[in-house]
Amino acid sequence: MIFFDDGYTQYAYHKNIRLVCGESPNVCDDLHENIRESVKTYLRNYPERPMVKFNKKQVVRTELRNLWCSAKVKNIDASLVQLKFLDMKVEHTEWMYRGSNRLSPIYNQLNSNNQDKRVRGTVLTDVNKLLNRPYIVIENLTEDEKSVDIDNSDNTQKPHRSNGVIKSIEIPANCPKPLPYKHHECSHFCMLWVHYDYSQTKCMNVLTIPLHYGFTRSVLTDEKLKLRKVMYTTPCGLNIDDEDKMYNYLKLTSYGNSQMTMDLFNFDYLVNPLSWFTVPKVFIRIQDISYEMEFKPISVFNSLNDLVPDHIKYITKRITSPNVNLNIDPKFLCGCDCIDNCEDKNKCSCWQLTYEGPKNYPAIFKDHGSVGYSFKRLHKQVITGIFECNSNCKCKKTCLNRVVQEPLKTSLQLFLTETKGWGVRTLTDIPKGSFVCTFLGVVRTEKDADNDFSLNWGEYLADLDFLDTVEEIKDGYESYVVQTEIEDESEDESEDYTSSSDDEEFNPSWAIKSKMSMFESRMSLRKNLQNTNTKSDGKHELSKLNTQQKVESKNTSLLSYLDKDRGIYTLDAKVNGNIGRYFNHSCDPNIFIQNVFIDTHDLRFPWVSYFALSNIRAGTELAWDYNYMIGSVKDKRLMCHCGSKNCKGRLL
């Protein structure tokens with residue numbers, strides 16, 4: 001790889017390279033000032049290199065002749081990317097090093113002052129991945145480095161088996177069984193005789209609760225269609241094979257406050273309600289770390305040594321520090337007037353609050369009416385937040401829009417892992433989209449959290465940057481939409497654009513068909529750019545991109561009108577927290593984060609909630625993607641031990 005002083009990069013064979021017999025005491029003195037810092041950084045960090053991950057057809061903002069322009073990815077070759085600049089009077093295509101600071105992701109990271117920020121910038125998601133934008137990865141980690149342990153960490157345990165096995169739950173013989181079916185109109189009498197009471201289900205797997213109260217569940221195979229499906233038989237003998245029919249049945253047979261809810265049922269044959277992960281009782285160090293504050297007990301398991309988790313004050317509701325004004329007065333909430341369990345989403349004002357958010361954002365987030373919960377499960381993240389029914393609503397506690405506010409239903413266990421400290425696993429199968437638990441802590445100001453940063457460097461901190469993240473999507477999305485003439489589109493169709501990764505192809509359906517003006521399609525540098533020392537070699541004007549220049553947003557953030565002296569609020573679970581603080585990171589996560597608004601509609605204070613990203617088998621550790629920014633903490637290196645197939649090797 002050769003770096004030229006005019007910003008270009010190319011590969012060369014060894015036979016074409018000539019050795020220099022003499023060199024300056026400081027090798028960097030031999031480099032042109034425009035690339036000196038970038039090459040110095042490259043050599044200092046080698047073999048780790050920050051590189052932009054591209055897919056073909058993606059668009060990236062790229063510097064060309066001191067202007068930020070839109071460029072489209074044509075080809076990718078190892079460390080190089082071929083870019084075609086859009087909206088140019090004269091067609092311009094060039095190969096560029098994927099770690100070049102002429103690429104906006106690299107440039108923005110170099111000038112973002114990450115050292116002043118906490119490790120985890122958000123608990124929501126990586127916006128660039130969601131929008132299928134180019135994003136930065138650290139490449140070329142060696143195998144030796146991946147196995148390095150961090151000083152002063154507790155991730156140094158010797159390998160040891162968990163000693164757990166999956167067994168099948170046996171439903172007691174004295175539990176009610178379905179009656180022989182006789183033709184009738186279903187009513188509350190169909191279930192009254194089974195005496196269902198949710199308060200008595202504390203020690204039951206949530207999916208086995210119906211099986212203890214008169215239901216049976218079986219998996220049937222259609223020999224002709226070669227399909228498998230789940231069939232529930234109700235206490236009155238009726239067979240039901242889909243969610244809609246089950247919901248209608250539960251409506252007809254409900255009585256008082258003892259109505260069964262839809263999250264007790266699952267029609268996926270891959271989920272086994274009877275699976276239970278059992279461990280030797282001798283290794284149970286604490287029977288319930290919540291000390292009965294949660295509806296479900298959370299045991300602590302350790303087969304590696306005699307350690308128990310550091311003591312914390314377990315909480316089931318977030319608390320605020322003295323200088324945080326969190327208004328949870330119901331008078332400031334709007335509620336719905338529904339009396340139908342909020343099943344008609346068009347008439348429920350709370351559902352409409354959830355629906356309104358995505359309407360102002362790209363079509364990628366809209367999903368044509370499927371936004372939010374479906375029978376109390378969430379199958380896709382709602383970036384603009386979910387608004388649940390609240391204390392001002394007239395609906396019952398069993399309504400379809402009350403999920404995160406309900407007591408813990410998932411059977412969880414805290415256990416000591418071999419390499420990652422304490423982690424959380426599920427003792428039962430969890431269906432995709434199921435609510436797992438929340439992340440709770442003390443709501444603090446950003447300034448207060450930063451003051452303690454040197455003590456815990458962001459451990460157990462979660463930024464409540466919902467507003468900032470959502471505005472970032474709206475502010476930056478249009479700049480990445482491919483804006484080309486019809487001729488360019490037809491040209492693209494004739495080329496082979498097979499993606500070089502597993503990511504989906506960048507093809508937003510809301511793209512504007514008309515060509516953008518030159519002014520709209522490029523991102524201008526600050527006015528002081530004109531003072532930089534630039535030259536021209538006839539092809540490309542040299543630019544000092546190492547200077548501290550930033551690109552200003554054309555939109556004004558809503559945060560600028562709120563608490564200017566406080567910034568973003570933070571959840572601190574270091575001393576006060578719940579089971580949500582113990583979830584580990586995975587590069588292939590099985591749970592995801594969702595912001596939910598319940599006791600306040602103040603967008604600065606969402607509830608941070610975990611949901612199942614896929615079906616999760618009993619005994620599996622639950623983990624989410626921390627979205628750490630590698631290199632964000634100076635002189636700190638944290639290796640990733642998630643063990644997933646796509647492990648990036650490093651967290652920090």
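The model is a predicted one, and 16 salt bridges are found in the structure.

**Asp 241 and Lys 229**
- A salt bridge joins the side chains of Asp 241 and Lys 229, with an N to O distance of 3.4 Å.
- Because Asp 241 belongs to the loop between β12 (239–240) and α7 (243–253) while Lys 229 belongs to strand β11 (residues 227–233), the pair ties together parts that are twelve residues apart in sequence.
- Asp 241 counts as partly exposed because its relative accessibility is 26%, and Lys 229, with a relative accessible area of 40%, is also partly exposed.

**Lys 409 and Asp 263**
- The side chains of Lys 409 and Asp 263 form a salt bridge at 2.7 Å, N to O.
- Lys 409 is found in the loop between β18 (386–387) and β19 (412–416), and Asp 263 in the loop between α7 and β13 (275–278), so this contact ties together parts that are 146 residues apart in sequence.
- Both residues, Lys 409 and Asp 263, are buried.

**Arg 285 and Asp 306**
- In the salt bridge between Arg 285 and Asp 306, the closest N and O atoms are 3.8 Å apart.
- This pair links distant parts of the chain, 21 residues apart, with Arg 285 in strand β14 (residues 284–286) and Asp 306 in the loop between β15 (299–301) and β16 (313–314).
- Arg 285 is partly exposed, at a relative accessible area of 29%, whereas Asp 306 counts as exposed, at 67% relative accessibility.

Terms used: Residues are numbered from 1 along each chain as its sequence is written. This is a predicted model: local features need pLDDT of at least 70, side-chain atom pairs count only at pLDDT 80 or more; totals for chains, interfaces and linings use all residues. Side-chain values use heavy atoms; hydrogens and water are left out. A salt bridge is a side-chain nitrogen of Lys or Arg within 4 Å of a carboxyl oxygen of Asp or Glu. Helices (H or I, at least four residues) and strands (E, at least two) are DSSP runs, numbered from the N terminus. Buried means under 20% relative accessible area, exposed over 50%, partly exposed in between (1.4 Å probe, protein chains only).
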